[in-house]
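This briefing describes one protein chain for a reader who has the sequence and the model at hand. The points are grouped by topic.

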Amino acid sequence: MGEVDHRDLRSDSRNDALQNTREGIGETIICHQNNKGEISHESHCNCKKENEQQSCKVFKQDKATPRCYNLPMIGNISLIVLLGWGIGALINYIADVLPVKRRLTVQFCPVCESRLPLFNYLVWPRKCTQCGTRRSWRSWIVEVTSIALVIWQWIEPSPVLGFPLGVLVLTYFGIVVVIDLEHRIIMHAVSLIGAFLGFGIGLRLHGLVPTLVGGVAGFSLMLLLYYFGSVFARTISRRRGSSSIDEALGFGDVNLSGVIGLLLGWPAILLGLTISILFGGLTAILFLFILTITGRYRLFSAIPYGPSLVTGGIILLYFKDYLLAYLGN
Ligand SMILES: [Zn+2]
């Protein structure tokens, strides 16, 4: 992975203009300084052949730090696959252990709770030595999906986050989504780690005030929806004479919305939440349709809302260019 940071460049004075150049793996960055001391940057792709030029992704994270990610050589593909697999294994491990034990312990069998040998658990045969229970097919799906997502980020890094942070945020979202789909819960511990992560990344992307305002807006808007949803659910179930109710939204969704607010900052969180709510509505219709035709529908069947919230964040963090092009901006 080639990454060039223009701040390392040597300077070379020429009359009243200062020009810095350096040939990176896939990019040359030229810094110009005019008579007034204003600095501007230019970046050029170094790739000689046309097909290499197409594979060279040059993008700017912001005006101060132009970066270049060049498609690495064949040898690195195995490293990227290994990274993706490792991330998938980590998401699986956290989703297996944390919701059950409420802390990170050694890997265990979900049926008899006996400890699983590490190689058996991570690689093969993924089967309990005591009772013969196999690990769920989710472990394979998560690992294959993680490898695919890391390869995607390596070929086309997030225009907002870049490759390393892009992979880190996807890992976090992966943990949230897998646990929410399986347990209908967004754990406080996971939200707390997300708050640190979101604050750190938000600070780097937007600065202090927009990050904090984004976080507070995400949290409080979802809190309003949460109260509105629970009042609505209570009213309906009282009218129907039913005593059991599930909350339409869980409080974990409120926390997650705060985390996404920190990541997106103000005012992008407003667009993020709008996308999440639209997507959440579509998911709910699809979900209720499936529950109804399979005969498992009951009033206020709990629908995991975490994946919809994450979708809003992903669209704005990873598909921002496509979204702006679509909106004609
Ligand atoms: Zn077992």
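**Briefing on the predicted model**

S230 is partly exposed, as 16 other C-beta atoms lie within 10 Å. The residue belongs to helix α7, which covers residues 208-239. This is a predicted model, and its protein chain contains eleven helices and six strands. Of the 329 residues in the chain, 30% count as buried.

**Overall organisation**

- Among contacts in the protein chain with a separation of 6 or more, 60% are between residues 24 or more positions apart.
- One example of two positions separated along the chain is S230 and L249: they are 19 residues apart in sequence, and their C-alpha atoms are separated by 7.7 Å.

**The largest nonpolar core**

- The largest nonpolar core comprises 42 residues, and V169, I175, V176 and L263 are those with the most contacts inside it.
- At least two residues of this core come from each of α2 (75-101), α4 (138-155), α5 (162-183), α6 (188-206), α8 (251-264), α9 (268-293) and α10 (306-318).
- Helix α5 gives the most to this core, namely twelve residues.
- Domain 2 (73-156) and domain 3 (186-329) each provide at least three residues of this core.
- When neighbours within four places in sequence are left aside, V176 is in contact with I186, V190, L256, G306 and V310.

**Packing of α8 and α10**

- Two packed helices are described by the angle between their axes and by the distance between the axes.
- For α8 and α10, the axes come within 10 Å and cross at roughly 5°.
- The two helices α8 and α10 are therefore roughly parallel to each other, since angles under 35 degrees count as such.
- On the α8 side, the residues that meet α10 are D253, L256, S257, I260, L263 and L264; on the α10 side, they are G306, L309, G312, G313, L316 and L317.
- The contact of α8 with α10 comprises seven nonpolar, four polar and one charged residues.

**L316 in α10**

- L316 is located in helix α10.
- With 20 other C-beta atoms within 10 Å, L316 is buried, because 20 or more such atoms is the criterion for a buried residue.
- Apart from neighbours within four places in sequence, L316 is in contact with L264, A268, L271 and G272.
- L316 and V160 are 156 residues apart along the chain, and their C-alpha atoms are separated by 8.6 Å.

**Backbone features in loops**

- Most residues other than glycine have a negative phi, and most peptide bonds are trans.
- A cis peptide bond, with omega about 5°, joins W124 and P125; P125 is in the loop between α3 (118-122) and α4.
- The peptide bond from W266 to P267 is also cis, with omega near 5°, and P267 is placed in the loop between α8 and α9.
- R102, a residue other than glycine, has a positive phi near 65° and is in the loop between α2 and α3.
- R102 counts as exposed, with 11 C-beta neighbours inside 10 Å.
- R126 is not a glycine, yet its phi is positive, at about 55°; R126 is in the loop between α3 and α4.
- R126 is partly exposed, with 16 other C-beta atoms within 10 Å.

Definitions and conventions. Residues numbered from 1 in each chain as written. Predicted model: local features only at pLDDT ≥ 70, side-chain atom pairs only at ≥ 80, totals over all residues. Core = buried A, V, L, I, M, F, W, Y, C linked by C-beta atoms within 7 Å. Buried ≥ 20, exposed ≤ 12 C-beta atoms within 10 Å, placed from the backbone. Helix = DSSP H or I, 4+ residues; strand = E, 2+ residues; numbered from the N terminus. Domains from an automatic or database assignment. Contact = placed C-beta atoms within 7 Å. Axes fitted to C-alpha atoms, helices over the stretch in contact; angles between N-to-C directions. Parallel < 35°, antiparallel > 145°, perpendicular 65-115°, else oblique. Nonpolar A, V, L, I, M, F, W, Y, C, P; charged D, E, K, R; others polar.
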